[in-house]
Structures are given as structure tokens and as C-alpha cells.
Amino acid sequence: MSRPLSDQERRKQISIRGIVGAENVAELKRGFNRHLHFTLVKDRNVATPRDYFFALAHTVRDHLVGRWIRTQQHYYERDPKRIYYLSLEFYMGRTLQNTMINLGLQNACDEAVYQVSAGAATSLASAACFLDSMATLGLAAYGYGIRYEYGIFNQKIRDGWQVEEADDWLRHGNPWEKARPEYMLPVHFYGRVEHSGTGAKWVDTQVVLALPYDTPVPGYMNNTVNTMRLWSARAPNDFNLRDFNVGDYIQAVLDRNLAENISRVLYPNDNFFEGKELRLKQEYFVVAATLQDILRRFKASKFGGTDSVRTVFDSFPDQVAIQLNDTHPAMAIPELMRIFVDIEKLPWNKAWDITKRTFAYTNHTVLPEALERWPVDLVEKLLPRHLQIIYEINQRHLDHIASLFPADVDRLRRMSLIEEGGTKRINMAHLCIVGSHAVNGVAKIHSEIVRTQVFQDFAELEPEKFQNKTNGITPRRWLLLCNPGLAELIAEKIGEDYVRDLSQLAKLHDFVDDDLFIREVAKVKQENKVKFALYLEKEYKVKINPSSMFDVHVKRIHEYKRQLMNCLHIITMYNRIKRDPTKLFVPRTVIIGGKAAPGYHMAKMIIKLINAVAQVVNNDPVVGSKLKVIFLENYRVSLAEKVIPATDLSEQISTAGTEASGTGNMKFMLNGALTIGTMDGANVEMAEEAGEENLFIFGMRVEDVAELDREGYDAQQYYDRLPELKQAVDQIKSGFFSSNEPDLFKDVVNMLFHHDRFKVFADYEAYVKCQEKVSELYLERWPRTPCTLTVPCSHPHPAPCSAPAPACCVLSL
């Protein structure tokens with residue numbers, strides 16, 4: 001939540017954040033007090049900041065419910081084509097402020113809470129709302145996923161190491177969700193398949209119930225409120241009844257946890273596939289419940305109400321679009337076939353045609369270790385009928401390939417859904433491609449790699465199927481919410497339409513030579529930096545120079561994202577300062593954040609190394625305020641909303657050809673940060689849109705990486721040729737940053753020399769040179785007037801000195 005408004009600010013009405021009207025404020029105050037008293041049973045003498053949050057959340061929800069019901073009524077009456085987005089990872093956190101903005105209640109709520117209790121306003125935080133854009137576009141869209149009891153872990157940094165703690169995000173309740181037990185559905189596992197003259201029947205299964213929880217998703221100022229439905233696993237009352245019948249009632253009740261574990265915890269996404277049975281249960285659980293729900297809604301529509309079963313589903317793809325977000329919901333394809341063939345008794349060919357025209361698949365990675373390949377034995381045990389259907393899909397698919405490419409056995413092997421050799425596995429990406437009418441990557445370069453390399457055989461067969469859909473971000477959250485000063489400044493210049501249509505930002509070209517506007521933008525940035533510097537000083541006990549360059553690299557910790565290259569640059573800057581403390585150095589605050597998957601050893605070692613380097617750099621008196629390093633603990637959306645508006649330089653430095661898209665780069669750019677990066681992911685399109693001259697692009701392109709792979713990457717030659725790289729690596733290897741344990745980082749060094757698929761050393765030199773250009777440009781943004789301060793500073797000239805002010809006294813105070 002934003003700070004309490006000053007009297008002048010509270011009188012100002014800014015329409016993009018909602019109008020402050022006396023009636024609005026009075027109504028919100030009444031609602032706030034009503035919920036504080038009657039929902040939470042508290043008064044202001046004993047209410048906590050969390051109580052204020054919940055009271056305001058319930059008040060805002062009251063304004064949402066009518067719109068939510070009317071939206072669903074409208075869909076029922078008009079029966080539009082519905083979009084169903086299936087994902088196992090909706091990072092839905094606290095949505096209060098996003099909802100207030102979208103309903104036009106932000107300023108009125110600020111005023112109401114200020115009047116009720118000035119202290120309450122500081123306690124209201126917010127997080128992402130994934131489906132914001134579809135609701136803003138007015139699409140009849142639904143998000144489906146799992147209601148995990150424990151989300152992605154909370155990260156603690158202890159002695160420089162990542163330690164995971166459970167994220168019990170529901171312990172205080174969730175004011176936004178509404179349980180719908182009347183729509184609870186059965187999901188089947190295990191069992192066996194019986195075949196008869198009437199078809200196949202899946203019997204003797206173990207049933208788990210799927211209980212839906214609905215969360216409203218409001219569009220921006222358009223009265224549309226869509227629904228995100230998350231499923232929670234519940235054991236049926238007769239679960240393990242056999243144990244109960246033999247007298248072991250206690251064990252029968254305890255065993256209910258086995259069923260309910262399905263929705264217990266979110267698997268961290270570390271771009272490494274692990275074939276855990278519980279994960280496969282989660283994947284099938286969400287698609288089985290969701291498809292039942294979709295079929296129920298379709299049959300209740302005017303399109304699904306015809307008498308003949310075979311004609312009922314003819315219109316299914318015209319009314320239902322199901323988007324598979326990565327391969328995690330891939331089991332939806334054989335599940336829909338099972339429903340059509342086994343239950344609805346459609347002929348196979350008709351069922352397959354409807355299925356293909358219904359599904360579309362979004363690929364999110366080109367890393368081979370991240371692609372899902374489920375062992376056949378596990379699928380046969382857990383979902384025996386689905387394995388039979390997948391075999392049938394594969395046989396028909398291979399027969400088609402063989403008819404087009406006779407005797408091309410190798411092509412059949414490459415394109416099969418079943419991978420032979422060793423453990424037989426089902427390639428889930430192949431299943432998604434074969435069972436969908438459209439396949440897309442999430443950035444131009446990624447989609448091209450998907451089409452020409454990863455799935456080349458499939459693209460040759462059906463070139464029209466492969467598309468690009470570049471990822472995007474919502475400006476409501478990533479500008480209006482987290483950077484209101486900049487959002488309002490832009491609105492004053494070009495109007496408010498850009499909030500719904502970011503292409504309107506092109507109008508800002510007319511103001512590039514408007515000195516007053518540029519100064520106002522710079523002022524907003526500096527205010528955000530000062531605010532974030534105070535936050536860092538409070539949380540990390542490190543005094544940050546708010547005039548230093550805020551160089552930020554926040555994302556999941558993974559070798560391909562190359563936090564190690566950033567770390568090597570930090571060490572190089574440190575060594576340059578130590579080598580010549582009197583030399584002009586543009587001060588930097590390097591901020592790195594992100595979580596490592598709990599089982600990812602190298603990622604955890606990278607976190608430890610960054611913190612070890614920070615410990616040395618931040619406590620070296622010679623370095624002083626010229627260079628500071630902060631590792632942000634427990635990086636998450638609410639923290640992103642603080643750091644992104646304050647960032648000067650955004651690091652997007654993955655090896656070319658490895659990042660599918662990246663949306664962090666877009667969030668930083670939208671908030672006025674410049675980007676240093678490789679031509680990878682969405683950086684390519686950002687460079688096309690903004691002009692490559694307006695980004696700091698360095699390093700190998702995709703074709704250069706491919707050529708280096710052909711030649712053979714030799715890390716040693718870069719180490720031998722580049723003295724600063726050699727010095728930095730030697731310091732890591734010798735224990736300079738880990739004096740109590742000199743060999744602590746031997747695994748990191750060994751990886752860099754012998755197992756580095758992402759070629760850190762190969763891009764190091766270009767990266768460092770590009771960073772020098774960044775420093776030069778940062779220095780130029782300041783007026784080059786002589787410094788007349790007479791206080792001591794880190795610049796080696798007697799005061800007053802004639803060096804450019806920010807490189808001298810101002811930046812070291």
C-alpha cells in the first residue's frame with residue numbers, strides 16, 4: 001500500500017487511480033468498520049495491521065462481488081467462446097492493491113484508511129494477479145490450477161547460505177477465495193482397465209475429491225470480473241474403508257493425508273525435470289477436475305444442449321479453447337480422449353479431431369533437462385487407461401509419419417511419443433504438439449529455436465501449427481501499482497489510455513527533448529532510489545549511496561541466467577578499486593536476488609559465493625561507498641515492486657538461446673531502467689522496439705554459441721588470455737572470499753572450467769567492456785560542473801576540486 005497522502009495530495013484527484021469523492025470515502029469507511037467489527041470481531045484498540053488488511057480486503061471484495069456475479073451472468077446469457085488457461089503455477093499472492101486500482105478505488109481507499117487509522121495504510125502490501133490482462137480485454141477467460149497449501153518456499157539467508165522455510169501462506173486465511181463444495185468432483189487414480197464389446201472401462205480406482213476455490217480477477221475499469229478456480233484435494237469419507245472395517249479407524253483417518261497431499265505443496269521450478277509420482281498426481285488431478293468442469297459448463301450451454309451425443313460435441317472447439325501452459329497439464333489430451341471415447345462413446349477419429357482443435361500448447365523452455373519425460377511404468381501404475389490411449393495416439397501418429405517418409409526409421413524414432421532405450425518414457429512435449437492445433441514459444445528468438453531446432457521434425461510436418469506469442473506484463477501492476485509517480489507523470493503528458501494499451505507510450509517520443517519532463521522523470525527515479533536505499537539500510541544494515549548506480553539482477557538462480565558472470569564482474573570492479581583507489585570510479589550498488597531450487601547444489605553455491613564476495617566488498621574501507629553488494633533475501637513479487645522502480649540498470653545476461661522469454665526485463669524497462677543483456681529471449685524484441693542503441697547489448701549471438709559448440713568450448717584459453725578474469729577466478733579458488741574454508745568454492749571453479757554449458761568465460765570480456773560503457777553513460781547524465789564542496793571526500797583532489805560532481809564528493813557522501 002502506498003504511504004498516507006499529504007493534505008495537498010489527498011485533495012488531488014487522479015483518475016487513473018480512482019476519484020476521491022466524499023460519498024465513496026464514507027461508504028468505504030462504513031464497510032471497513034463493519035468488517036473490522038463483524039467479520040473480524042475486533043475494535044481499533046486491539047486490531048493488528050493484519051486485521052486492517054483483512055478489513056480493507058473484505059471491503060474491496062464487497063465492491064467486486066456484484067461485478068463478479070454480473071460478469072458470469074453475462075457469459076451465461078451470451079455464451080461466448082471461453083478460454084481456459086491450465087497451469088500448475090499461478091503465483092497468486094496478495095491482490096488487494098491491484099484490485100483497488102482495477103476497480104478505480106485506490107485513492108478513495110487511501111483516503112478512507114487514512115481517516116480511519118493513519119497507521120493502517122503502511123501495512124497493506126500486494127502481489128501479482130496473473131489473469132489481469134484477459135479480464136481487462138473483456139475475454140471470457142478462466143484460470144485453472146491447484147490451491148497449494150504451501151507455496152514456493154520462503155528463502156532465508158544464514159551465514160550466506162540459502163535455507164528454505166515453509167510458506168504457510170494460508171495460515172491466516174485468504175479473504176479473496178470462495179470455496180465451492182457444491183462443485184466438488186471425483187478424480188480417479190490407479191485401478192485397471194476392462195475391455196468389452198462396448199469399449200474400455202477404468203475400474204477399481206482410488207478416488208480423490210477435487211474441491212474448487214474461486215478467486216475473482218477484475219479487469220481494469222471495465223466491470224469485468226473473471227474467475228480463477230484452484231482445486232484442493234480431499235479424501236472421500238470412505239477412503240481406506242477396508243482398514244476401518246477391520247477396526248483400524250485411526251489409521252484409516254490418518255491415511256486420508258495420502259490423498260490430500262496432492263495439493264499440499266508446490267514443486268519449485270528449477271528447470272530440471274524430476275519424475276516424482278506426487279508431481280504426476282498433481283498434474284493429472286488438475287486436468288481431470290478441470291475437464292469435468294469444462295464439460296459441465298459446455299453441456300449447460302445452448303451449444304451443448306442438443307439431443308444427439310455425436311452432434312453435441314461438433315461445436316466444442318468453437319466454444320472451448322484450452323491453453324496448456326507448458327507440458328505440466330499435458331495429460332489433459334489423453335484425458336479428454338478418454339472422456340470422449342470411453343464415456344461419451346464418440347468414434348476415435350471424431351474425438352481426436354475435436355481434441356486437436358480444442359488444445360493449444362505453450363512451450364516455455366529449450367533446456368533438454370527441463371522437458372518432461374514420464375516413465376511408462378509409473379504412468380501405467382497411476383493412469384493405466386491413459387497409457388493405452390497415449391499408445392494409440394502414438395501408433396496412429398507414427399503410421400502417418402511412415403506413410404509420408406517410408407523407411408525413415410530414424411525420423412520415426414525422433415518423433416515418437418515413446419522414447420525407447422533404457423527406461424521407456426513418454427515425451428510430454430511431443431504429446432502436446434501432436435494433440436494441439438497450435439504450438440507457440442514465448443519470444444521471437446525462442447519460437448524460432450523451437451521451430452528450427454528443438455521440434456524441427458514436427459515443424460516440417462505441420463509448419464502452420466508453429467507460432468510465436470511473446471510474453472507480456474500488465475502495466476496495471478508493474479507501473480500504476482508499483483510506480484505511481486511515474487504512472488501519473490506519463491498520464492499528464494499523453495493521457496490515460498496507455499494503461500490499457502501500452503503502444504500509446506510511443507507518444508512519449510514527442511517529449512525526448514523536453515528538459516522539464518526529463519528532469520521530472522529523473523526526479524521520480526531518484527525518489528524511488530532514496531526510498532529503496534532506506535529499505536536496504538533498515539533490512540540489511542548496509543548504508544547505500546542513493547546516488548550510486550543501482551545495478552540489479554533479480555530472477556531464479558540458475559546457471560543459464562549467469563549470476564556467476566555478474567559475480568565475476570563485481571570481483572573485477574573490486575580489484576580495480578583496490579589496484580588504484582585514487583582513480584575515478586562511478587559508484588555502484590549491485591543488487592542480486594532469487595531463489596535456488598532446494599536440490600540444486602550449484603545454484604546454492606552461487607548464492608553463497610555472492611554473499612561471500614559481498615561480505616568482503618562491503619567491509620573494505622578502501623572501497624567505501626564506491627561499491628556495495630546486496631543479496632536480496634526471499635525475492636518475491638512484493639519485493640520486486642520495491643526494487644524495480646528504483647533500478648538504473650537491469651541485468652538480462654543469459655547465454656543466447658537459453659532464456660525462453662523473460663518478463664523481468666520488460667518490467668524494468670517499463671519503469672525506466674536501461675538493460676544490459678545478450679540477444680536472448682525478449683531482449684531481442686525489446687531491442688527492435690526501442691532500438692539496439694538504447695540497450696547495452698553484448699556477447700555471443702545464437703549462431704556464435706552454436707559455432708563455439710562445434711569448435712569445442714575451452715574455458716582455459718579465456719582464463720589464460722584475460723588477466724582480470726584469471727585474478728578473479730584465482731581469488732575464488734584460493735579462498736580469498738572464504739578464508740575459513742579455502743576449498744569452499746572448488747565445485748564452482750571446477751564447473752566453470754570443465755562443465756560450463758553456458759560459457760561464462762566466453763562472454764566475460766565483452767560483458768566487462770559493455771559495463772564500462774554503462775558507467776561512462778551514467779556519469780554523463782549528471783551535470784559536469786566542478787564540485788565546490790569543501791568537505792572531505794573519496795576523490796583524491798583537495799577540496800574544492802574540479803572533478804565532475806557525482807564522480808566526486810556527491811556520490812561519496
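Are Glu177 and Arg147 buried or exposed? Both residues are buried, where buried denotes under 20% relative accessible area, exposed over 50%, and partly exposed the range in between (1.4 Å probe, protein chains only). The structure is a predicted model, in which local features need pLDDT of at least 70, side-chain atom pairs count only at pLDDT 80 or more, and totals for chains, interfaces and linings use all residues. Residues are numbered from 1 along each chain as its sequence is written, and side-chain values use heavy atoms, with hydrogens and water left out.

In total, 53 salt bridges are present, a salt bridge being a side-chain nitrogen of Lys or Arg within 4 Å of a carboxyl oxygen of Asp or Glu. One of them joins the side chains of Glu177 and Arg147 at 2.7 Å, N to O. Because Glu177 lies in the loop between β4 (161–165) and β5 (178–179) and Arg147 in the loop between β2 (141–146) and β3 (154–158), this pair ties together parts that are 30 residues apart in sequence. Helices (H or I, at least four residues) and strands (E, at least two) are DSSP runs, numbered from the N terminus.

A salt bridge also links the side chains of Asp293 and Arg297 (3.5 Å, N to O). These residues are 4 apart in helix α10 (residues 277–299), and are therefore separated by about one helical turn. Asp293 is buried at 1% relative accessibility, and Arg297 is buried at 15%.

The side chains of Lys444 and Glu688 form a further salt bridge (3.2 Å, N to O). Lys444 belongs to helix α19 (residues 444–454) and Glu688 to helix α28 (residues 683–690), so the pair connects parts 244 residues apart in sequence. Lys444 is partly exposed, with 45% relative accessibility. Elsewhere, salt bridges with shared partners join Asp408, Asp410, Arg411, Arg413, Arg414, Asp457 and Glu460 into one network.
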